[in-house]
Every structure is written in C-alpha cells, then in structure tokens.
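Subject: Handover of a protein structure

Dear colleague,

Please find below the structure that I am handing over to you.

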Amino acid sequence: MANWAELPHELLVLIVNCVKVIEDFIAFGAKVSRIFLPEAKGRECFPSEGWICSASYTGEVNLLHPFSRTLIQLPPQQALLAFDCDNTDDGYPCIDQAVLSASPSLTSDYVLMVSFYGYKNCLAFCRPGDLNWTNIIIDRSNVIGGVASLKYYKGKFYVVYYSGQVWVYDVTIGESCDFFELEDDMFKRPLVQFYLVEVSGVLLLVSRFASKGPNGGAETYKFRVFELDVIGGALKEINTLG
C-alpha cells in the first residue's frame with residue numbers, strides 16, 4: 001500500500017480540498033484507516049462521494065457510509081429488468097458502475113446513476129425515496145458499445161462509451177445529447193480504455209492504449225488526454241496537467 005504522506009504536496013492539497021465531511025477529513029489525516037464492513041461482504045462495491053453503492057448477488061442494492069454505517073436502501077437490481085434497453089433480453093441485470101451527484105451526508109437532493117448490463121449496457125437513475133429505477137433511453141442506432149466510464153460534472157452526467165462516443169445526460173429535464181465522438185481509427189482498437197476524470201475543476205477524457213504482453217496480458221504503452229469544453233461541445237488534446 002502506498003504511503004499517503006509521500007505524495008507530492010500539491011496532490012495532497014487537491015485531495016484535502018475535495019473532502020467535505022469531518023469524519024472523512026479525520027480519516028484522511030490519519031493517512032491509513034482500516035475498518036471492517038460486514039455490510040459489504042460478498043457484494044460488488046462502487047465508491048462515490050464518500051459513500052459506497054453496494055449490490056449483492058440476491059439483487060439488493062444500497063448506499064453505505066463506511067464510517068457512520070448509515071445505510072440507504074435502493075430499488076433492487078431485479079427492477080432494472082423492466083428497463084432493458086430493447087425490452088427483448090432476459091439476462092439478469094448487474095450494476096457495473098455507480099455515481100452520485102452529491103453526498104447524501106450533505107443533502108437529500110441527490111441522484112444516483114448506474115450503468116448495468118444484461119446482454120447490453122444500459123443506464124438508469126434513482127432519487128431518494130424512489131421505489132423503482134428511472135430508465136434512460138439509449139438510441140442504439142446512434143450509440144455503439146457499452147459504458148466505459150461515467151462521471152457527474154457541474155449538474156450533468158457524462159458518459160463515454162467503448163466506441164469513443166461521449167454523451168451528456170441532464171436528468172433534471174430528461175434530456176440527452178451526443179457531445180463528441182473520437183473518430184480516429186486508433187480509438188476503435190479493442191485494448192483502448194477510456195476514463196472521465198476531473199482535475200482542478202476541468203473535465204478530462206483519458207485514453208489508455210495497451211497491447212498484448214508476452215504473458216498474454218495487456219501492457220499499457222501510451223496515454224492521450226483531452227480537455228472537454230462542456231460549453232462549446234469540443235475536445236482539445238493536452239500534453240500537460242500543470
């Protein structure tokens with residue numbers, strides 16, 4: 001395990017500025033905090049905004065705060081079956097990504113968006129008190145591939161698909177739009193992975209390129225980083241993070 005104290009000072013400052021809840025700040029000051037979470041045992045876990053979205057093989061889904069042990073029940077995974085992308089698949093839905101718009105410790109006005117798959121990737125979201133998931137209609141004639149990365153940024157959810165398409169979803173008004181598509185053939189390779197990350201208030205699209213290694217695994221050999229102009233709807237490749 002890496003020693004937090006050995007991180008560059010500017011990175012420590014960036015991390016501290018993102019901490020909003022006092023118990024998380026205390027835990028960060030201790031550098032390493034080991035806790036036992038029986039509530040998460042045997043469950044898929046997805047951290048977001050200081051909470052953990054966990055899903056069990058039985059279908060139960062909840063939000064768990066790892067320090068206060070507060071538990072918020074969510075609609076079950078089985079409820080996602082009603083929202084299959086094409087309403088034709090019978091596969092069991094499995095959540096593979098989950099992102100909060102805000103911490104439930106700070107506000108009750110938050111949205112949890114999940115990416116899930118049966119035979120195809122889909123998107124759905126819920127608000128506090130919802131008994132079911134709200135489906136996001138995905139036009140498969142325009143969207144290719146599954147969800148590679150999901151990020152909440154300045155009031156909207158941004159999604160990058162494995163095909164290199166970036167879409168924006170505004171759940172407050174129920175609208176979606178095609179933001180950008182990486183059209184270079186090099187982004188269509190099977191070992192290219194995409195990540196949406198926020199750095200110093202700017203949303204970045206990171207592309208990681210890999211090739212098959214001598215032992216059959218994937219070995220990373222290059223990254224390309226793009227800054228998303230969320231107002232102009234464009235991408236600008238950058239070569240430094242400052």
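This is a predicted model: local features need pLDDT of at least 70, side-chain atom pairs count only at pLDDT 80 or more; totals for chains, interfaces and linings use all residues.

Residues are numbered from 1 along each chain as its sequence is written, and side-chain values use heavy atoms, with hydrogens and water left out.

Overall picture

The protein has two helices and 16 strands; helices (H or I, at least four residues) and strands (E, at least two) are DSSP runs, numbered from the N terminus. Of its 242 residues, 41% count as buried, where buried means under 20% relative accessible area, exposed over 50%, and partly exposed in between (1.4 Å probe, protein chains only). The protein exposes about 13,500 Å², and carbon and sulfur atoms supply 54% of that area; accessible areas come from the Shrake-Rupley method with a 1.4 Å probe, and for residues only the protein chains shown count as cover. Among contacts with a separation of 6 or more, 38% involve residues 24 or more positions apart, a contact being heavy atoms within 4.5 Å.

Strands β3 and β4 pair in the antiparallel sense over four bridges. L64 is found in β3, and its bridge partner in β4 is L71. L64 is buried, with a relative accessible area of 1%. Not counting residues up to four places away in sequence, L64 touches L37, E39, W51, I52, R69, T70 and L71. Of these, E39 is 25 residues from L64 in sequence, and the two C-alpha atoms are 8.0 Å apart.

Another open sheet is formed by four strands in the order β9-β10-β11-β12, and its pairing is antiparallel. The edges are taken by β9 (147–153) and β12 (175–181), each with a single partner strand, so one side of each is left without a neighbour in the sheet. Here the twist averages 20° from one strand to the next. Within this sheet, β10 (residues 156–161) and β11 (residues 165–170) pair in the antiparallel sense over four bridges, and V159 has W167 of β11 as its bridge partner.

S149 is found in β9 and counts as buried at 8% relative accessibility. Leaving aside neighbours within four places in sequence, S149 is in contact with Q97, Y158, V159, V160, F194, Y195 and L196. The side chain of S149 reaches the backbone nitrogen of L196 at 3.0 Å.

The nonpolar cores

The largest nonpolar core has 20 residues, and those with the most contacts inside it are C53, L63, I95, L112, V114 and W133. Such a core is a set of buried Ala, Val, Leu, Ile, Met, Phe, Trp, Tyr and Cys residues joined through side-chain atoms within 4.5 Å. At least two residues of this core come from each of β2 (51–55), β3 (61–64), β5 (94–100), β6 (112–117) and β7 (121–126). Another core, of 19 residues, lies apart from it and includes A148, V166, V192 and L196.

With kind regards

Note on methods:
Two strands pair if DSSP finds at least two bridges between them. Axes are lines fitted to C-alpha atoms, for helices over the stretch in contact, and angles run from 0 to 180 degrees between N-to-C directions. A polar contact is a pair of N or O atoms within 3.5 Å; within protein, one must be able to donate a hydrogen and the other to accept it, and residues adjacent in sequence count only if both atoms are side-chain atoms.
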